[in-house]
Amino acid sequence: MKHTDMDIGFIVLCPNRDVRQIRNTVRSIQHYTTREIICVVGGDTSPSEIKDLKPISENVYKGKDTITSLINTGMKRLKHKWGVFMFAGSILKPMVEKRICRFVESDKDIIFPVRDRKMGFVEGSTDCLMINKDTFDLVGELPDVKIDKEDLNDFEVAKLMWCQQAFEKGCIFKGIVGIKIS
């Protein structure tokens, strides 16, 4: 399937509410595509801060205080078949959408970038992670977990738990090398 035929929306995760980073990411996406962009901010974002973000993106939603809650909120609000995640501050490079879409063979494919020699979904980057909305609904939300140990990363533990559920539902994780994001 051609990437132009796919029903894709972008979800910009904004845990720190840095307007400059959000603007840069949204502009980089708009430079290469006319796809809808959703911005999801943390739970401590004030109504006036959300209002300040509306000129950048009409679709600004409030999550809670974890990255997983931002992802879950973005997928709940997504009006498209596929969601591509990016963190505020990341810059989408040319041809990324086309490269990601080339590897989609089924709705149960979960596409993620291989960066910095991190080849697994759990420890890998979430920038340009692409998930089908129906598959996400089937697997369920990423859990909100709080680990009180220094050597464990809350987000990675949540991704590991979600990954196990996705495997049980027949999902296939595909790490893609060469996706350019800065």
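Predicted model: local features only at pLDDT ≥ 70, side-chain atom pairs only at ≥ 80, totals over all residues.
Residues are numbered from 1 along each chain as its sequence is written, and side-chain values use heavy atoms, with hydrogens and water left out.

**View 1. Strands E2 and E3 run side by side.** Helices (H or I, at least four residues) and strands (E, at least two) are DSSP runs, numbered from the N terminus. Two strands count as paired if DSSP finds at least two bridges between them. Here strand E2 (residues 36–41) and strand E3 (residues 59–62) pair in the parallel sense, with four bridges. Getting from E2 to E3, the chain passes through helix H2 (residues 47–53), and this β-α-β crossover is right-handed. Right-handed here means that, with the strands pointing away from the viewer, the path from the first strand over the helix to the second runs clockwise. Look also for isoleucine 38, whose bridge partner in E3 is asparagine 59.

**View 2. E2 also pairs with E1.** Six bridges join E1 to E2, and the two run parallel. Leucine 13 stands opposite valine 40 in E2. The chain goes from E1 through H1 to E2, in a β-α-β crossover that is right-handed. Buried means under 20% relative accessible area, exposed means over 50%, and partly exposed is in between (1.4 Å probe, protein chains only). Five of the six residues of E2 are buried, so E2 is largely enclosed by the rest of the structure.

**View 3. Arginine 17 meets aspartate 44.** A salt bridge is a side-chain nitrogen of Lys or Arg within 4 Å of a carboxyl oxygen of Asp or Glu. The structure holds nine of them. In this one, the closest N and O atoms of arginine 17 and aspartate 44 are 3.0 Å apart. Arginine 17 sits in the loop between strand E1 (8–14) and helix H1 (19–32), and aspartate 44 in the loop between E2 and H2, so the pair ties together parts that are 27 residues apart in sequence. Arginine 17 is partly exposed at 25% relative accessibility, while aspartate 44 is exposed at 56%.

View 4. One is glutamate 105, with the closest N and O atoms 2.9 Å apart. Lysine 174 belongs to strand E7 (residues 172–177) and glutamate 105 to the loop between helix H4 (96–102) and strand E5 (109–114), so this pair links parts that are 69 residues apart in sequence. Lysine 174 is buried, with a relative accessible area of 15%, whereas glutamate 105 is exposed at 70%. Aspartate 109 makes a salt bridge with lysine 174 too (2.9 Å, N to O). Since aspartate 109 lies in strand E5 and lysine 174 in strand E7, the pair ties together parts that are 65 residues apart in sequence. Aspartate 109 is buried, at 2% relative accessibility.

View 5. Helix H6 (residues 154–168) has 15 residues and reaches 22 Å from its first C-alpha to its last, close to the 21 Å expected at 1.5 Å a residue. That expected span is 1.5 Å times one less than the number of residues. Contact means heavy atoms within 4.5 Å. Just after H6, glycine 170 takes a positive phi of about 90°.

**View 6. Leucine 129 lies in strand E6.** Leucine 129 is buried, with a relative accessible area of 5%. Leaving out residues up to four places away in sequence, leucine 129 touches Gly83, Val84, Phe85, Ile110, Ile111, Phe112, Pro113 and Phe121.
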